[in-house]
Amino acid sequence: MPQANVVMNVRKISNTVSIIDIKGDISAFAEDTLMEAYAEASTPTTRTIILNFGELEYMNSSGIGLLVTLLIRANRQKQRLLAFGLSEHYKHIFELTRLNEAIGIYDSEEDVLALTQKS
Amino acid sequence: MTTSPLPPDEEQASQPRDVAYWAKQGSTFKVSYAPSGALNLNVDGRQGLSPLQGFGQMWQKTYRIRLEGANIQPTEVIKTWKENFPKFWPKGNRFYAPLTGIAPGEVALLNLSMAGGMALSTGVLVLYADDESFTLMTPQGHIFAGWITFSSYEEDGSTVAQAQVLIRANDPVYEISFRLGGAKKEDTFWQYTLTALAEYFGVEAQVQTQRICVDPKLQWSQAKNIWHNSAIRTTLYRVNTPVRWVGRALRRKPETKN
């Protein structure tokens with residue numbers, strides 16, 4: 001079976017905020033990597049998980065499905081999912097699939113962190 | 001300082017590899033081709049849906065069949081599946097493929113048979129299509145809110161064909177019908193389709209089915225989706241057919257000359 005062509009790095013910004021930096025491809029093969037990253041990013045006090053798509057190179061429809069299941073998992077833990085670093089192409093994909101209605105999208109890490117500090 | 005635009009080949013190289021595989025337009029459905037015999041209802045102008053906009057429990061269901069003994073590559077399976085998609089459907093259910101075939105952004109009409117002799121006219125949009133998979137997105141009013149992905153891949157020396165749905169029932173009426181046998185009927189539909197696909201390649205095999213309830217909660221804020229329910233609207237359309245015939249006849253009635 002093909003290997004996942006993706007690397008994810010978790011940064012814990014504070015007790016309540018974590019960032020998952022995504023580099024590579026998000027497809028069905030990225031499921032284990034994504035869920036492991038989420039498990040590392042999510043603590044009992046985490047309230048916001050931020051996905052950094054700045055180095056996303058490829059995403060297919062199975063990859064979008066993974067984001068939906070990740071969103072459900074996060075919501076079940078009373079966490080919100082935010083994102084930044086999407087190119088214009090991937091912003092279009094989020095709008096087309098209507099994921100933008102559930103995952104807040106921001107232009108930069110500074111913008112999204114400013115939001116988390118306000119709330 | 002001004003920056004020159006990139007040469008076309010460099011601009012293409014800077015794009016993600018998946019650009020060509022996604023639908024280019026927004027998620028509003030537009031029917032560009034309605035074949036003769038197709039009932040074109042409940043599609044034009046409807047918004048496309050992800051599972052997040054549905055009402056019912058969210059399910060991920062995976063149907064897989066191993067094409068043991070068939071010396072065929074995943075890309076050939078998907079090519080054949082796209083070209084013959086309606087042929088593998090159970091009788092009584094019609095998929096009217098777009099003129100250009102299953103390609104990103106195209107909209108297909110569906111005329112489905114439901115329990116109790118009811119018919120349902122709806123459609124799907126090709127959200128994504130590459131050489132090894134394609135995904136259909138449902139519109140408002142469809143039985144489900146969500147996506148279904150058809151794919152093929154190699155596993156342990158065999159080629160596998162798979163259909164995977166990530167869906168919620170669109171409104172409370174559909175959710176009730178799911179729980180009263182509709183879910184089983186849906187399983188049967190895709191098991192039939194995969195079995196027919198395998199037989200096309202000369203393979204007899206069992207379909208493996210996996211069901212995961214991703215979210216057991218109902219989204220009551222989406223109960224209003226019932227306004228678009230395509231089964232109810234198709235039924236009302238059919239019931240009103242005699243009224244439409246009379247109306248047309250009256251409008252054509254010639255004037256009497258004195």
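Which residue of β5(A) does A:Leu82 stand opposite? In this predicted model, where local features need pLDDT of at least 70, side-chain atom pairs count only at pLDDT 80 or more, and totals for chains, interfaces and linings use all residues, A:Leu82 stands opposite A:Gly104 in β5(A). Residues are numbered from 1 along each chain as its sequence is written, while chains are lettered from A and ligands numbered from 1 in the order in which they are written.

Strand β4 of chain A (residues 80-84) is mostly covered, with 4 of its 5 residues buried, where buried requires 20 or more other C-beta atoms, placed from the backbone, within 10 Å of the residue's own. Strands are DSSP runs of E with at least two residues, helices are runs of H or I with at least four, and both are numbered from the N terminus. Strands pair if DSSP finds at least two bridges between them; β3(A) and β4(A) run parallel and are joined by 5 bridges, with A:Leu51 opposite A:Ala83 in β4(A). The chain passes from β3(A) through α2(A) to β4(A) in a right-handed β-α-β crossover, a term meaning that, with the strands pointing away from the viewer, the path from the first strand over the helix to the second runs clockwise.

At the interface, 20 residues of chain A are in contact with 27 residues of chain B, contact being defined by C-beta atoms, placed from the backbone, that lie within 7 Å. The side of chain A that touches chain B receives the most from α2(A), with 6 residues.

Methods
Two residues are in contact if their C-beta atoms, placed from the backbone, lie within 7 Å. A residue is buried if 20 or more other C-beta atoms lie within 10 Å of its own, exposed if 12 or fewer, and partly exposed in between; C-beta atoms are placed from the backbone.
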